[in-house]
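Thanks for making the time this morning.

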Amino acid sequence: MDRRNDSLDPRETGNPYDSVDATERQTDSSAQVSTSGGPGAHGAGSPQDIPMDTYAAGDSIRQTVGRGRPTETGSYIFPAFDDHHPPEKDLIDDCVHCGFCLPTCPTYVLFGEEMDTPRGRIYLMNKALDEEPMTDNNVRHWDLCLGCMACVTACPSGVQYDKLIEATRAQVERRYERSPQDKAFREMIFQLFPYPNRLRLAAAPLKLYQRFGVGDKLHKAGVMKLLPKRMRAMEALMPMLNEQQDVPEVTQPVGEKRARVGFIKGCVQRVFFSDVNSASVRVLAAEGCEVVAPKLQGCCGALSVHAGREEEFQGFARKLIDAFEGLELDHIIINAAGCGSTLKEYGYLLRDDPEYAERASAFGEKVLDISEFLQELGPVAERHPLPVAAAYHDACHLAHAQGVRKQPRQTLKQIPGMDVREIKEAEICCGSAGIYNMIEPEPATELGDRKARNVLNTGARMIVTSNPGCMLQIQASLKRMGESMPMAHPMEVLDASIRGEPVESLLER
Amino acid sequence: MEHDRLVRTMEAILGPEGVISEREQLRSYECDGLMNYRVIPELVVLPETAEHVQQIVKLCYDEGIPFVARGSGTGLSGGALPVESGVLIVLSRMRKILEVDIPNQRVVVEPGVLNMWVTNEVAEHGYYYAPDPASQLISSIGGNLAENSGGVHCLKYGFTTNHVMGAEIVLPDGTMVNVGGGKAPDAPGYELLGAFVGSEGTLGIATKITLRIVRKPESVRTLLAAFKDTEEAGGAVSGIIGAGIVPAAIEMMDSLCIEAVETAVHPGFPQAGAILIVELDGPKAEVESQFEQTVRICEENNASEIRIAEDDTERALFWKGRKASFAAMGRISNDYYVQDSVVPRTELGKVLKRISEIGEEHGMRVANVFHAGDGNLHPLVLYDNNVPGEAERAEDVAGEIVLTCLEHGGSLTGEHGIGVDKKKYMPKMFATEDLDTFQLLRCAFDPHQICNPGKVLPTPRLCGERPGPFRMHPVQKAGLAENF
């Protein structure tokens with residue numbers, strides 16, 4: 001290491017620069033500047049808002065770098081991946097390491113290091129594919145990905161990061177031994193959230209808990225601090241429960257029938273935000289749709305597939321396909337962003353299933369997000385004015401995963417009096433990300449607070465967004481900051497407008 | 001210093017969250033934007049303040065440990081390639097905009113601040129930061145400074161060096177100095193800032209950078225002109241510049257490039273042997289009169305079609321086509337090898353002709369997209385890595401192109417830097433005495449050769465450094481051993 005004894009003056013020797021050095025051609029095939037993108041490339045789908053007052057993260061930075069992190073299990077799995085759909089080499093090779101994905105990656109925004117970026121995670125996948133084992137380290141970095149797909153929007157080379165991370169997560173879930181607590185917590189989530197009935201049962205005591213302000217009292221007494229941080233995160237996220245209302249199996253259109261559509265009720269949406277479903281169905285009917293919402297429909301499996309629980313997902317998906325088959329629908333409509341992006345990919349996700357592959361693609365092709373569908377259909381029902389400034393928050397699984405940005409904004413702008421405000425750093429995830437805010441509460445909280453600050457800075461009176469997870473997340477952050485703001489799904493806003501309700505019906509909730 | 005003690009010492013400075021020492025994590029840093037060269041560093045450190053940087057560098061100096069600075073890791077010449085048994089100092093956590101001084105048209109930033117953030121920060125006041133490398137969304141100001149980055153609009157506004165007013169620098173011995181940087185534009189004494197900008201991280205690490213911002217032009221007009229071939233388009237370029245017009249940008253694309261771009265982003269470019277995109281900006285009256293002149297010059301050079309952007313949307317579409325051109329190559333070829341040579345504008349026609357001959361001689365396709373105004377070429381040699389031998393042939397073709405450019409009085413690089421990738425060509429461009437002089441300057445800053453060693457200058461034999469590309473050892477290839 002010590003070079004101080006080397007002579008420094010090149011004039012001491014004859015012609016030292018003629019020497020051959022280490023920059024000759026190298027033949028390692030994986031190291032070419034290659035394929036469909038260029039290191040200097042840019043242009044495609046570049047983000048409009050980029051974090052400016054970016055700061056190094058708070059405590060969450062310790063989740064990812066440095067020795068002695070708490071989650072280590074000492075695992076060493078080699079080879080890292082088995083033969084059942086490892087992340088595809090071809091898709092990995094599409095990445096030319098240009099780095100355009102970095103500034104919109106929420107974990108890069110927080111941590112400012114390479115391993116927690118799409119480029120870095122793909123690099124780790126590539127290494128794990130042929131050289132390196134699966135260890136606590138690379139699993140940690142893959143785990144910390146929110147799956148927001150902002151990188152897919154930003155990538156000029158068309159890298160399909162969504163497929164890569166899903167494949168990797170399935171491998172991790174199958175092969176990596178998580179610590180017992182981690183395993184138990186994940187199991188608890190997946191025994192609860194995808195099952196509306198269980199969720200409803202679990203929510204019943206919650207309602208009492210809220211009615212009597214138990215949470216606030218416990219907070220005051222400092223008892224909450226004794227709970228494990230993940231349980232605390234869950235508690236903080238729980239919404240106030242309203243009376244639940246189910247949507248009818250068939251709803252007739254108002255006026256002339258323009259389409260016959262299926263309606264997916266979701267899980268969290270159905271239990272915690274049943275108003276959104278009712279509003280959606282009323283809007284669809286008002287726009288001339290016959291709405292069919294099969295009684296026996298379960299979870300779409302989005303949470304499972306995003307967490308790498310492949311078999312569990314496939315079970316959910318098959319059942320949902322069965323529930324909607326033979327109904328002769330023009331489209332299948334979903335109002336939750338996270339579910340929608342998975343539903344549209346059913347064909348790819350069930351490609352190995354000889355019995356379901358074709359049916360899954362047929363199903364997936366019919367799926368549309370509700371605002372996407374309404375804009376395609378064109379408005380007929382009269383819109384009454386709603387004079388209010390509303391900040392529209394892009395749910396990642398709507399904007400990045402489905403490319404649906406314009407339609408919900410148009411939906412809102414078609415309402416007279418509506419002042420739609422843009423949120424700074426719109427491309428950056430709010431930290432909700434499915435079950436992420438329960439599994440990784442520290443980074444999620446920092447992202448949530450950042451989003452909440454940006455929302456408050458718009459000066460809007462309410463927030464409108466298309467995903468239940470985002471609502472819970474932003475609400476929790478606002479509460480932590482001692483603020484509050486009414487929230488609504490675009491369909492609740494549109495429903496209020498069509499029904500001619502006063503703007504207070506949205507603001508006083 | 002043995003590894004564990006080094007890790008502990010760094011942890012004492014930065015805390016555990018600022019030190020990366022585990023193998024899988026270190027591998028994420030083994031290359032920058034250029035993946036052809038890879039070296040696993042001994043340690044990666046993530047300082048958050050200038051004082052951190054100073055302490056790290058001082059430690060390296062005292063212990064004789066080589067170090068390399070890295071920003072966003074988007075460089076295309078391997079400038080941030082780590083050194084074996086060295087420390088990689090990553091500045092991506094130093095990303096605060098420290099001061100915005102609109103009346104004096106200056107902004108003070110930390111090195112990890114991204115290029116685009118500077119413009120975003122001052123846009124509301126009607127200003128912007130002029131150097132616009134294609135990677136402006138992600139490349140850091142520290143990296144721009146090290147590489148003296150350019151961009152499509154540098155023809156008129158100059159490179160990074162014209163926009164850096166001062167810097168706080170940690171020298172390779174750990175001393176912290178300020179060069180330039182006062183509110184008054186000029187200072188007596190040696191122009192150290194000029195030596196530092198573009199030194200590719202070999203003279204020290206900038207920890208605070210003062211940038212000049214410029215007023216947004218009153219008017220911008222853009223046209224797209226199609227020509228039979230690159231020679232006629234080149235004639236138009238010479239005509240425009242010769243008429244005393246300084247466009248904000250003149251970009252040329254050849255037919256192969258147009259084809260790729262059309263497939264990828266459908267900007268609706270005309271089918272032609274070459275197209276030019278010319279943008280003028282400035283006071284309205286001046287832009288209007290020069291724009292008419294530009295149109296006339298294009299017509300005189302037999303432009304088959306001239307399109308004038310009617311609004312911002314159309315203008316954006318022209319640029320979308322231009323800026324997507326590298327990415328679009330993937331649509332017509334599996335792989336490509338990009339060069340960054342510069343030739344005198346007057347030699348453009350001859351060099352382009354020779355480039356296409358070289359391609360034909362080797363049976364390879366070469367696409368051209370470049371900053372025509374200042375002769376900065378980006379020839380893209382297309383090849384398929386799955387065909388044995390093609391990668392080597394592509395590199396040969398690229399090498400011949402570089403040498404051709406040098407023969408015509410050109411330079412090795414316009415904006416990507418020499419780094420590790422092009423240093424072997426340095427003796428072709430410079431005499432031994434020139435290189436020795438460079439080396440003397442470098443030794444004055446870095447007497448122990450610990451600051452980004454093995455970059456820019458071809459390594460003199462006596463230095464005993466062994467940086468370079470990753471090569472798999474035969475024993476490793478046979479699966480008998482892990483990395484050595």
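Let me begin in chain A, with helix H3(A), residues 118-130, and helix H6(A), residues 161-175, whose axes come within 11 Å and cross at roughly 50 degrees. Please keep in mind throughout that this is a predicted model. As for the hand, the crossing in which H3(A) passes H6(A) is left-handed.

Which residues make this contact? From H3(A) they are Pro118(A), Arg121(A), Ile122(A) and Met125(A), and from H6(A) they are Tyr161(A), Leu164(A), Ile165(A) and Thr168(A). Sorted by class, the contact of H3(A) with H6(A) has six nonpolar residues, together with one polar and one charged. As a general point, an α-helix has 3.6 residues a turn, so residues three or four places apart point the same way.

To place that pair in its chain, chain A contains 25 helices and 11 strands, and of its 509 residues 61% count as buried. If we take the contacts in chain A between residues at least 6 apart in sequence, 81% of them join residues at least 24 apart.

Now to chain B, and to another pair of helices. Helix H13(B), residues 348-362, and helix H14(B), residues 390-407, have axes that come within 10 Å and cross at roughly 155 degrees. Since angles over 145 degrees count as roughly antiparallel, that is the description for H13(B) and H14(B), and their crossing is right-handed.

On the H13(B) side the contact involves Val351(B), Arg354(B), Ile355(B), Ile358(B), Glu361(B) and His362(B), which meet Arg393(B), Val397(B), Glu400(B), Ile401(B), Thr404(B) and Cys405(B) in H14(B). By class, this contact of H13(B) with H14(B) has six nonpolar, two polar and four charged residues.

Where in H3(B) are the buried residues? They are Ala50(B), His52(B), Val53(B), Ile56(B), Val57(B), Leu59(B) and Cys60(B). Just after H3(B) comes Gly64(B), which takes a positive phi of about 65 degrees.

Conventions: Residues are numbered from 1 along each chain as its sequence is written. Chains are lettered from A and ligands numbered from 1 in the order in which they are written. This is a predicted model: local features need pLDDT of at least 70, side-chain atom pairs count only at pLDDT 80 or more; totals for chains, interfaces and linings use all residues. Side-chain values use heavy atoms; hydrogens and water are left out. Buried means under 20% relative accessible area, exposed over 50%, partly exposed in between (1.4 Å probe, protein chains only). Helices (H or I, at least four residues) and strands (E, at least two) are DSSP runs, numbered from the N terminus. Axes are lines fitted to C-alpha atoms, for helices over the stretch in contact, and angles run from 0 to 180 degrees between N-to-C directions. Angles under 35 degrees count as roughly parallel, over 145 as roughly antiparallel, 65 to 115 as roughly perpendicular and the rest as oblique. A crossing is left-handed if the near helix is turned anticlockwise from the far one by less than a right angle, and right-handed if clockwise. Contact means heavy atoms within 4.5 Å. Ala, Val, Leu, Ile, Met, Phe, Trp, Tyr, Cys and Pro count as nonpolar, Asp, Glu, Lys and Arg as charged, and the others, Gly among them, as polar.
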